[in-house]
Amino acid sequence: MPFLRIAIGQPQETYQPDALKAALAEFFGTLIFVFAGEGSGMAFSKLTDDGSTTPAGLIAEALGHGLGLFVGVSAAANISGGHINPAVTFGAFVGGNITLLRGILYWIAQLLGSAVACLLLKFCTHGMTTSAFALSSGVTVWNALVLEIVMTFGLVYTVYATAIDPRKGNVGIIAPLAIGLIVAANILAGGAFDGASMNPAMSFGPALVSWDWTNHWVYWAGPLIGGGIAGLIYEYIFINHTHEPLPGSEF
C-alpha cells in the first residue's frame with residue numbers, strides 16, 4: 001500500500017546533527033524569504049505613502065516574494081531540501097518523502113525564521129507595521145480558503161515536479177527558480193483578494209509581530225489542504241514507486 005510509506009520517525013531523529021543542521025537551514029532560508037517578501041511590501045508602502053495595495057504595489061510584492069523565495073530555496077536546498085514552507089513540508093510528508101518528526105522540526109524552524117524576520121523588519125524600519133495577511137473587501141473566508149488551496153496546490157505540485165521527482169534530471173537545476181516564479185505568478189493572480197500567502201510561516205510572522213490574528217486560520221488550512229492534495233496526487237499517481245527507507249522512517 002502506497003500510504004505505508006508515510007512514516008512517523010524515531011525520537012532520536014530530532015536531535016541528530018544532520019536533522020538539526022537541516023532545521024537551521026530552514027530557519028535561515030525562511031528568514032531570508034520573509035524578510036525580502038514582507039520587506040518589499042513595507043518599502044513600497046513607505047515610498048508611496050501606503051500605496052502597497054495599488055497594481056504597482058502588487059507587482060512589487062510578487063517580485064519581492066518570488067526573488068526572495070528563489071534565494072531562500074537555493075540556499076537551503078543542499079542541506080534540508082529547501083522547503084521554506086510548512087505546506088511544502090506537509091506535502092512531502094503525505095508523499096512519504098519526510099518523516100513526521102523531522103517535518104515538525106522543520107515547521108518549528110520555519111515559524112521561528114518568519115517571526116525573527118518580522119521582528120528585524122519592525123526594528124530596522126523604526127516600528128513600521130508588519131501587516132498581517134487579510135481578506136479584501138467582498139472576499140469571504142470560503143473564497144479565500146479555496147483560493148489558498150488552489151494556489152498552494154500549484155506551488156507544491158511545482159516543488160514535486162522540479163525538486164522531488166527522481167526523474168527530474170536537469171529540470172532540478174531550475175527548481176528554485178520555478179518555485180519562486182509560481183509564487184510570484186500566484187501573487188499576481190490572488191494577491192488582490194487575500195494577499196496570496198500559500199505559506200503558513202509567511203502568514204505567521206507578520207500576524208505574531210502585529211498581533212493581528214483575524215481569519216488567520218484560513219492561511220493555515222488552505223495551504224495545508226492544497227499542499228497535501230498536491231503531494232498525494234504527484235507521489236501516488238506520477239511517481240508511484242517504492243522509496244528507499246527514509247532516515248528515521250521505521251515505525
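T30 lies in helix α1, which spans residues 17–47; helices here are DSSP runs of H or I with at least four residues, numbered from the N terminus. The model is predicted, so that local features need pLDDT of at least 70 and side-chain atom pairs count only at pLDDT 80 or more, while totals for chains, interfaces and linings use all residues. Residues are numbered from 1 along each chain as its sequence is written, and side-chain values use heavy atoms, with hydrogens and water left out.

T30 has a relative accessible area of 0% and is therefore buried (buried, under 20% relative accessible area; exposed, over 50%; partly exposed in between; 1.4 Å probe, protein chains only). Leaving aside residues up to four places away in sequence, T30 touches I84, Q110, G113, S114 and A201, a contact being heavy atoms within 4.5 Å. The T30 side chain also reaches the backbone oxygen of E26 at 2.7 Å. This falls under polar contacts, defined as pairs of N or O atoms within 3.5 Å; within protein, one atom must be able to donate a hydrogen and the other to accept it, and residues adjacent in sequence count only if both atoms are side-chain atoms. Between T30 and G91, the separation is 61 residues in sequence and 17 Å in space, C-alpha to C-alpha.

G91 is one of the residues of helix α3 that meet helix α8; the others on the α3 side are P86, A87, F90 and V94, and the α8 side consists of P223, L224, G227, G228, G231, L232 and Y236. The axes of α3 (residues 86–94) and α8 are 7 Å apart, at an angle of about 35 degrees. Axes are lines fitted to C-alpha atoms, for helices over the stretch in contact, and angles run from 0 to 180 degrees between N-to-C directions. The crossing of α3 and α8 is right-handed, meaning that the near helix is turned clockwise from the far one by less than a right angle.

Helix α5 (residues 141–164) also packs on α8 (residues 218–239), with axes that come within 7 Å and cross at roughly 40 degrees. This crossing is right-handed, and the contact of α5 with α8 has 20 nonpolar, five polar and two charged residues.

With a disulfide defined as a pair of cysteine sulfur atoms within 2.5 Å, the count is zero. C118 is in no disulfide; the sulfur of C124 is 12 Å from that of C118, its closest cysteine sulfur, and therefore too far for a bond. C118 is buried, because its relative accessibility is 0%, whereas C124, at 56%, is exposed.

Terms used:
Helix = DSSP H or I, 4+ residues; strand = E, 2+ residues; numbered from the N terminus. Nonpolar A, V, L, I, M, F, W, Y, C, P; charged D, E, K, R; others polar.
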